[in-house]
Amino acid sequence: MNWNKSIVLAASLFAASFQVQAQDNLINALKANQNDNSKSGFTFTEVINLGNTSIKDQGSSGTCWSYSGNSFLESEMIRMGKKPVEISQIYTARNTYLDKARTYVRLHGGLSLGEGGQFHDVLNSFRKYGTMPQSAYTGLHYGSTRNNFGEMTSMLDAMLGSIVKGKTLTPNWEKAYTAAMDSYLGEVPEKFDYNGKSYTPRTFADQVIGINPDDYVGIASVTDHPYYSQFVLLIPDNWSFDRFYNVKMNDLTDIIDNALQKGYTVAWATDVSEKGFSWKNGVAYVPEKPFEQMSEQEKASMFVGPKPEMKITPEERQKAFDNWQTTDDHGMHIVGLVKDQTGKEYYIVKNSWGTSNDYKGYLYASKEFVRYKTTSLLLHKDGLTKDLKSKINIK
């Protein structure tokens, strides 16, 4: 192997390893944003709490979008009066990784890799490949009990990096890529049994889950595109260049409120790398004073009871998006609404980081935080108001 190729391969492996550790590093960094006596300072009263399945742990993998997106579909089953199924998050993820790899190769490497994705990837995989229960495809191999994608992602990304540097593309690369995923995640069964009946991923999706992927809409809010029209949200994880409906900033929380009141949960993509977001304490808000200007006492009590918040404007929201203060870090699932002892409202958010925080895997995000830091929403179109449906021209 010549030295240039060695350097390229080493760089590819380092970059892939860095991407894989990003989620773990994010969680570890957020452990610093906590107060030991936070929970005693809040009294939350439920207003709405919609049906949802048990908390999961995505482990050491950047698959939050698949965990939260499939959690959202499980709640859709509950809403439709069905018994929910734990959907295989890793089946969805591996299908998405293959489609992303195809796009990466077609673009000669001009695409962001890594394990991230968007909620529409869950629907696109469902539409194209069907789905299966987690019991039929865990993605856990060699006796592991928790996702750990570090070695696999380094291998896959380095493989693709090498492929796009060739002068002529052979048809074998896709077989090799799939075989590498099989070796880490296990081969996908063509058929499987569930509750005494045999299914394929297609028949399971259609007969058991039973949702129509075309019934769901993606929502975002930017100031540099016309409101109530569709646009391509330019974030690295929108590798498929799907389109979103652009709404005003305050529409974001109005949409979530209306959906929850009508019994629809909402998939929520957001920035969690904020001083006002504490996973351990299970609270997210927008501090009235910038963290850098706080006294040590103010920092120490950030999450001890309700605090006043900064009022965000659409211009401030857009500025944070444009200068990378707002990044597309994480996907979660909004399942309800609470009020604190002052009457301020927060959304009940289901996470996929296990049950290690103060609220056993859930957290409470203020509406101001949601307006400021949301990157996108996904929900059933019937969760929208008639007025908004008319504005964006969907039936």
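Is arginine 79 buried, exposed or partly exposed? Arginine 79 is partly exposed, because its relative accessible area is 30%; buried means under 20% relative accessible area, exposed over 50%, and partly exposed in between (1.4 Å probe, protein chains only).

1. Basis. This is a predicted model, in which local features need pLDDT of at least 70 and side-chain atom pairs count only at pLDDT 80 or more, while totals for chains, interfaces and linings use all residues. Residues are numbered from 1 along each chain as its sequence is written, and side-chain values use heavy atoms, with hydrogens and water left out.

2. Helix H2. Helices (H or I, at least four residues) and strands (E, at least two) are DSSP runs numbered from the N terminus. H2 covers residues 64–79, 16 residues in total, and spans 22 Å from first C-alpha to last, close to the expected 22 Å at 1.5 Å a residue. The expected span is 1.5 Å times one less than the number of residues in the helix. H2 is largely enclosed by the rest of the structure, because 14 of its 16 residues are buried. Glycine 81 follows H2 and has a positive phi, near 85°.

3. The side chains of arginine 79 and glutamate 76 form a salt bridge with an N to O distance of 2.9 Å. The criterion is a side-chain nitrogen of Lys or Arg within 4 Å of a carboxyl oxygen of Asp or Glu. Both residues lie in H2, three residues apart, about one turn of the helix. An α-helix has 3.6 residues a turn, so residues three or four places apart point the same way. Glutamate 76 is buried, with a relative accessible area of 1%.

4. Other salt bridges. The structure holds 21 salt bridges. One of them joins lysine 311 to glutamate 368, with the closest N and O atoms 4.0 Å apart. This pair links distant parts of the chain: lysine 311 is in the loop between helix H9 (296–300) and H10, glutamate 368 is in helix H11 (residues 367–373), and the two are 57 residues apart. Lysine 311 is exposed at 62% relative accessible area, whereas glutamate 368 is buried at 6%. Within helix H12 (residues 386–392), lysine 391 and aspartate 387 are four residues apart, and their side chains meet in a salt bridge of 3.5 Å, N to O. Lysine 391 is partly exposed at 42% relative accessibility, and aspartate 387 is partly exposed at 49%. Asp99, Arg102, Lys128 and Glu174 are linked in a network of salt bridges.

5. Nonpolar cores. A nonpolar core is a set of buried Ala, Val, Leu, Ile, Met, Phe, Trp, Tyr and Cys residues joined through side-chain atoms within 4.5 Å. The largest has 47 residues, of which Leu73, Leu160, Tyr177, Phe204 and Ile209 touch the most other members. Elements giving two or more residues to this core include H2, helix H3 (89–106), helix H5 (150–163) and strand S7 (266–270). H3 supplies the largest share, eight residues. A second, separate core of 40 residues includes Tyr228, Ala259, Phe277 and Phe369.

6. Phenylalanine 204. Not counting residues up to four places away in sequence, phenylalanine 204 touches Val85, Thr131, Met132, Pro133, Phe192, Tyr194, Tyr199 and Ile209. Contact here means heavy atoms within 4.5 Å.

7. Helix H5. H5 has 14 residues and reaches 20 Å from first C-alpha to last, close to the 20 Å expected at 1.5 Å a residue. Ten of the 14 residues are buried, among them Asp157, Leu160 and Ile163.

8. Aspartate 329. This residue is in the loop between helix H10 (314–322) and strand S10 (330–339). Aspartate 329 is buried yet has no salt bridge, and the nearest side chain of opposite charge, lysine 373, is 7.9 Å away. Lys and Arg count as positive and Asp and Glu as negative; His and the chain ends are not counted. The side chains of aspartate 329 and serine 273 are joined by a polar contact of 3.0 Å. A polar contact is a pair of N or O atoms within 3.5 Å; within protein, one must be able to donate a hydrogen and the other to accept it, and residues adjacent in sequence count only if both atoms are side-chain atoms. A polar atom of the aspartate 329 side chain also lies 2.9 Å from the backbone nitrogen of valine 272.

9. Glycine 276. Glycine 276 lies in the loop between S7 and strand S8 (277–278), and is buried at 3% relative accessibility. Leaving aside neighbours within four places in sequence, glycine 276 is in contact with Val283, Ala284, Tyr285, Pro287, Met302 and Phe303.
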